[in-house]
Amino acid sequence: MDETNQIILVGNSFPIHFKITDSKSTLDMTPEQVTLVKESWEKVKPISEQAAELFYGRLFTLDPSLRSLFKGDMSEQGKKLMSTITLAVTSLDRLETILPTVQALGRKHAVEYEVPDSSYATVGEALIWTLGQGLGDDFTEDVKEAWLLTYTTLSGAMLSGKSAAA
């Protein structure tokens, strides 16, 4: 898929622009933005259990229909979410090493879980809201922008993996 392809999904509060990426793509972030994401995530990790609860609570508030996609223990699901985000954050400066895994995750979400494309914007909105809650005053506009770029790039890779599964 051509890496210039774009998808725009609108969440409840803002549009999320997804850049569909291939496995050779790199994250179009400045070193400062990578540092902002990494440093802010270090502040969230100690409250990861609460952050996961906030995230899923917000996600299901934004779109109650998504609750039916989750069959297992939500505490375990929260741990998986936090672990996945940690892997993504620690890999931001070498994104090409995890893009195939991210794309495979997109295929799995498409085939096994039947996740609708529209949910990616909702998940992004819930994530950004959760980060704002967890970081408080440390969630500056620059931090928010860096996280939006991170999320949209990784979600774009998931969507490209989903497209490959179709």
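**Pockets and aromatic pairs**

User: What does the lining of the largest pocket have by class?
Analyst: By class, that lining has 25 nonpolar, 9 polar and 5 charged residues. Nonpolar means Ala, Val, Leu, Ile, Met, Phe, Trp, Tyr, Cys and Pro, charged means Asp, Glu, Lys and Arg, and the others, including Gly, are polar.

User: Where does the model come from?
Analyst: The model is predicted, so local features need pLDDT of at least 70 and side-chain atom pairs pLDDT 80 or more, while totals for chains, interfaces and linings use all residues. Numbering runs from 1 along each chain as its sequence is written, and side-chain values use heavy atoms, without hydrogens and water.

User: How much space lies in the largest pocket?
Analyst: About 1200 Å³. A pocket is an open set of points on a 1 Å grid over the protein atoms alone, where a 1.4 Å probe fits, with protein on both sides within 12 Å along at least five of seven lines; lining residues have an atom within 4 Å of a point. Points are joined across faces, edges and corners, and the volume is the space filled by probe spheres set on them.

User: Which residues lie nearest its centre?
Analyst: Of the 39 residues lining the largest pocket, Leu-81, Thr-84, Leu-105, His-109 and Met-158 lie nearest its centre.

User: And which helices supply the lining of the largest pocket?
Analyst: At least two residues each come from α2 (48-62), α3, α4 (99-111), α5 (118-135) and α6 (141-165). The largest share is from α3, with 11 residues. Helices here are DSSP runs (H or I, at least four residues), numbered from the N terminus.

User: What volume has the second largest pocket?
Analyst: About 180 Å³. Its lining is Ser-48, Glu-49, Ala-52, Glu-53, Tyr-56, Met-74, Ser-75, Gly-78, Lys-79 and Met-82. Two or more of these residues come from each of α2 and α3. By class, the lining of the second largest pocket has 4 nonpolar, 3 polar and 3 charged residues.

User: New topic. How many aromatic pairs?
Analyst: The count is 5. Rings of Phe, Tyr and Trp (its six-membered ring) pair if their centres lie within 6.5 Å; planes under 30 degrees apart are stacked, over 60 edge-to-face, the rest tilted. One of the pairs, Trp-41 with Trp-147, is tilted, at 5.8 Å centre to centre and 55 degrees between the planes.

User: What does that pair tie together?
Analyst: Trp-41 lies in helix α1 and Trp-147 in helix α6, so the pair ties together parts 106 residues apart in sequence.
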